[in-house]
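Visitor: I have a structure on screen and want to learn how to read it. Where do we start?

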Amino acid sequence: MNGNLFALFESRARPAATFLETPSGERWTYADLLATTGRYANALRAAGVAPGDRVAAQVEKSPEAFCVYLGALRLGAVYLPLNTAYPPAELEYFLGDARPALLLCAPEDHARKAPLAKAAGVRACLTLDGAGRGSFADLAAGQPAAFETAARAPDDLAAILYTSGTTGRQKGAMLTHGNLASNGEALTRLWGFGPEDRLLHALPIFHAHGLFIAAHCALLSGSAMLFVNRFSAAEVLALLPRATVMMGVPTFYTRLLELPGLDAAACRGVRLFVSGSAPLLAETAAEFRERSGHAVLERYGMTEAVVITSNPLRGERRPGSVGLPVDGVEVRVADVADVPLAPGEVGGVQIRGSAVMKGYWQNPEKTAEDLTADGWFRTGDLGVLGRDGYLTLVGRAKDLVITGGFNVYPKEVELAIDALPGVAESAVVGLPHHDFGEAVTAAVVRRDPTLEAPAILAALRERLAAYKVPKEIHFVDELPRNAMGKVLKTALRQALATRGTAGGARRHGSTLS
Ligand code: AMP
């Protein structure tokens, strides 16, 4: 049997069924998907791409851009999606590291990026715009729609996704056809996907969440996607009555809650809301439940392993927990010596199984560094397992604050601050401190502008051990976040460090803007 992931998609495709619809009413059937990806696979080959070669794409989201990924799979090439926000200097690094055979970029960027590609030894640089037009589309238009999907082994690479991981330069996580098939099948079963589903897809497709997690559930169940090129809360709200499932990052949910029209009637056709990529605040989950009648299903994943744990479709969706290991992934919590800990004890989350990546691209040292002697991958997340197997995350290992020799998990302090009336949300980091080593420091977004730091500190002193109470509180208008809704702790740390002298006079009430 062909281990190519695309062969699996092909086996589930009913030609006349809808594969994708756009808000403007454009409709693609699975027959269109097969024909377009066939043309694209032929076009990639005509552009000089061979099986095993990398295809880098730094293009706007569109149905055509998504078909480039599928065309690359069909050809047996390795897809390399790049965030459109990466500036030329970062692009240069990715091209030099991954050495793709082809770079796809926006037509208006061609003059700037083609020389960079050439200098990095990339053979061809073609274009594709947000409407699916450009020199790549022109090349594909002259190609036949038929293409025999290349034979691949499950261990062959399907994609490389760059991720910053815990520290240092971005590393390319190598995901195989087998990794993606195993995780995709597990999620399709777990979340009950069937041919009647219509998935509202408003996520970017340069990240595992939109490219794999959401889209693979639709492809593996032969169901339809409502494909939105860019998230806008108003547009998503207007499309919800046509959807049965929505997957999003927590920011989608907070933005939807800002709209008065978000209510049970707007969500009446939806059977499942899923959230992941960053923690869903308990307050957001509760508010969403009250307004829509839906308990958002939270799951946890990372580029290196796609989805690791998920709350169940049926059974308890536990707020604050990321749920149980998905099929094909084993999870344990271990101490710094990689010794497994008992339930209830906080330690590093480690995983192994068929969804875990093959390693980091051309970086065997880093791959080895993140693996334990007995073959478990260290996620860099800190967590605690319940006796019933539910996992709760308490932060990233690198975000752990060590103050006066005590470990402080930022999440615990953030939860305590977020629970206070008048607080919208918060983020806690450690800043250098001459006496304590690091000082617990909080950035707080207020809902009530009259709330002041002494009131917060007084309330926290009643709830937390003294060493966990922030030494400083900074009020900010918003927390710095990336496209996936993750708080950028390094950026926050830098911004806060330039605003106050941790350990000196306490500064309360600064803004980051
Ligand atoms: P990425 O590789 O960009 O997908 O980032 C992976 C990281 O996102 C994980 O290692 C976690 O730190 C974080 N993450 C993903 N899902 C969740 C979640 N549901 N709750 C908390 N953190 C999450």
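This is a predicted model: local features need pLDDT of at least 70, side-chain atom pairs count only at pLDDT 80 or more; totals for chains, interfaces and linings use all residues.

Guide: Start with the ligand. A polar contact is a pair of N or O atoms within 3.5 Å; within protein, one must be able to donate a hydrogen and the other to accept it, and residues adjacent in sequence count only if both atoms are side-chain atoms. Here, a polar side-chain atom of Lys-486 lies 3.0 Å from an oxygen atom of the ligand. An N or O atom in the side chain of Asp-381 is 2.6 Å from a ligand oxygen. Arg-299 uses a polar backbone atom, 2.7 Å from a nitrogen atom of the ligand.

Visitor: How much of the ligand's accessible area does the protein cover?

Guide: The protein covers 88% of the 500 Å² that the ligand has on its own. Accessible areas come from the Shrake-Rupley method with a 1.4 Å probe; for residues, only the protein chains shown count as cover.

Visitor: Which residues are closest to the ligand?

Guide: A residue is near a molecule or strand if one of its heavy atoms lies within 4 Å of it. The ligand has 16 residues around it, the closest being Glu-298, Arg-299, Thr-303, Asp-381 and Arg-396. Strands S13 (297-302) and S20 (391-396) each give at least two residues to this shell. The largest share, five residues, comes from S13. Helices (H or I, at least four residues) and strands (E, at least two) are DSSP runs, numbered from the N terminus.

Visitor: How many salt bridges are there?

Guide: Side chains of opposite charge can pair when their charged atoms come close. A salt bridge is a side-chain nitrogen of Lys or Arg within 4 Å of a carboxyl oxygen of Asp or Glu. The whole structure has 27. One of them joins Glu-414 and Lys-489, 2.7 Å from N to O. That pair links helix H13 (residues 410-418), which holds Glu-414, to helix H15 (residues 489-497), which holds Lys-489, 75 residues apart.

Visitor: Is Glu-414 buried or exposed?

Guide: Buried means under 20% relative accessible area, exposed over 50%, partly exposed in between (1.4 Å probe, protein chains only). Glu-414 counts as buried because its relative accessible area is 12%. Lys-489, at 13%, is buried too. Now take Arg-481 and Glu-425, whose closest N and O atoms are 3.0 Å apart in a salt bridge. Arg-481 sits in the loop between strand S25 (472-475) and H15, and Glu-425 in strand S23 (residues 423-433), 56 residues away. Arg-481 is partly exposed at 33%, whereas Glu-425 is buried at 17%.

Visitor: What is phi for Val-306?

Guide: Phi of Val-306 is positive, about 55 degrees, although this residue is not a glycine. Val-306 belongs to strand S14 (residues 306-310) and is buried at 3% relative accessibility. Gln-362 has a positive phi too, near 50 degrees. Gln-362 lies in the loop between strand S18 (359-360) and helix H12 (364-369), and is exposed at 57%.

How values were computed: Residues are numbered from 1 along each chain as its sequence is written. Side-chain values use heavy atoms; hydrogens and water are left out.
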